[in-house]
Amino acid sequence: RAKDRGRNCYQFYTEGMQEREVARLELDKDLTHALAQDEFVLHFQPQLDLDNGEINGVEALIRWQHPRRGLLMPIDFIPLAEESGRITDIGRWVVLAACRQLARWKGTPLEHLRIAVNLSGRELDDPHLVDHIRDTLEINDVPARRLEIELTEEIFIQNIECNLSQLTRLRELGVHLAIDDFGVGYSSLGYLRDFPVDVLKIDRSFISNVTTRHDDAVITRAVINLAHNLGMQVVAEGVETEQQLNFLRSYRCNLVQGYLISKPVPAEALNQAMATGAEIAGITVDSGL
Ligand code: C2E
Ligand code: MG
Ligand code: MG
Ligand code: MG
């Protein structure tokens with residue numbers, strides 16, 4: 001009986017694996033049409049500047065409006081796109097969509113906003129990436145300083161020669177560079193010296209417990225000081241409570257981003273919120289802060 005059960009378990013396991021593999025292949029096939037069929041959309045999450053209480057930038061986060069599965073989050077398809085290499089075209093679309101949005105905001109109350117986009121290491125391998133970004137900014141008549149690029153730590157650790165040259169060229173264009181999810185990737189800090197970085201984003205995992213755990217509080221304060229002493233701005237990710245906000249303000253964190261301020265929202269919702277008294281997702285983001 002043990003043997004039967006073993007075999008059943010085995011079969012069940014492989015069937016499950018096959019199902020997952022089929023689903024994965026199907027999604028990968030759908031991904032080939034998604035760009036042509038205009039199924040991607042950017043949602044925008046505001047960043048609150050603690051110095052003046054204003055929203056001065058947003059992070060663009062991709063979503064896929066899948067024709068049958070509904071709205072898919074990046075975790076559902078970005079790793080797949082990285083494996084297949086389709087991420088290169090998706091990344092180009094993200095830059096284009098961000099630049100078009102910046103162009104559309106001209107002459108509106110949002111025209112001062114900066115947009116931060118996320119690029120993965122695989123995208124940086126594209127030797128034409130910098131040219132593409134420069135051309136896209138130019139065609140849409142958008143100043144490079146309106147665009148920020150978020151990169152995770154592995155980009156500063158792996159493939160250093162190529163990445164350093166790509167990022168230096170981007171920085172020379174006037175694009176801002178940010179390190180995303182800082183503190184969870186690698187313990188090496190040497191790259192902070194070698195790469196031309198403007199912004200450091202403290203990972204949400206530190207912010208979640210910043211008011212309840214001594215160690216997370218110490219790390220967060222140290223990272224803020226480290227960044228400031230290197231001439232960088234600091235963004236805290238995943239701020240969900242007033243207490244976290246107050247902590248970050250008292251230690252001079254520059255910008256906060258998180259559900260407390262707003263979840264990521266479609267452009268129309270952001271336009272509306274910014275135009276009608278700075279209330280986003282029910283939270284007053286202006287004044288008093
Ligand atoms: P990330 O760049 O670190 O983005 C922050 C993620 O945390 C977003 O998830 C955001 O919705 C979520 N978040 C923001 N505030 C809060 C909060 O207060 N609480 C909690 N629990 N979560 C919060 P999302 O949109 O699912 O994106 C996940 C990741 O996917 C991003 O992490 C980024 O690495 C990647 N990604 C998103 N858009 C793109 C893109 O256009 N290209 C590439 N290559 N990667 C992208
Ligand atoms: Mg990011
Ligand atoms: Mg992040
Ligand atoms: Mg993160």
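Predicted model: local features only at pLDDT ≥ 70, side-chain atom pairs only at ≥ 80, totals over all residues.
Local features required pLDDT of at least 70 and side-chain atom pairs pLDDT 80 or more, whereas totals for chains, interfaces and linings use all residues. Residues are numbered from 1 along each chain as its sequence is written, ligands are numbered from 1 in the order in which they are written, and side-chain values use heavy atoms, with hydrogens and water left out.

The magnesium ion (ligand 3) is coordinated at 1.8 to 2.4 Å by D180 (OD), D181 (OD) and E237 (OE). Donors are N, O and S atoms within 2.8 Å of the metal (3.2 Å for Na, K and Ca); water is not among the atoms, so sites may look incomplete. Along the chain the donors of this ion have the spacing D-D-x55-E. D181 lies in strand β6 (residues 176–182) and E237 in the loop between β8 (233–236) and α11 (242–250), 56 residues apart; helices (H or I, at least four residues) and strands (E, at least two) are DSSP runs, numbered from the N terminus. D181 is partly exposed at 25% relative accessibility, while E237 is buried at 10% (buried, under 20% relative accessible area; exposed, over 50%; partly exposed, in between; 1.4 Å probe, protein chains only).

Helix α11 contains Q244, which is buried with a relative accessible area of 4%. Contacts of Q244 (heavy atoms within 4.5 Å), not counting residues up to four places away in sequence, include G238 and V239.
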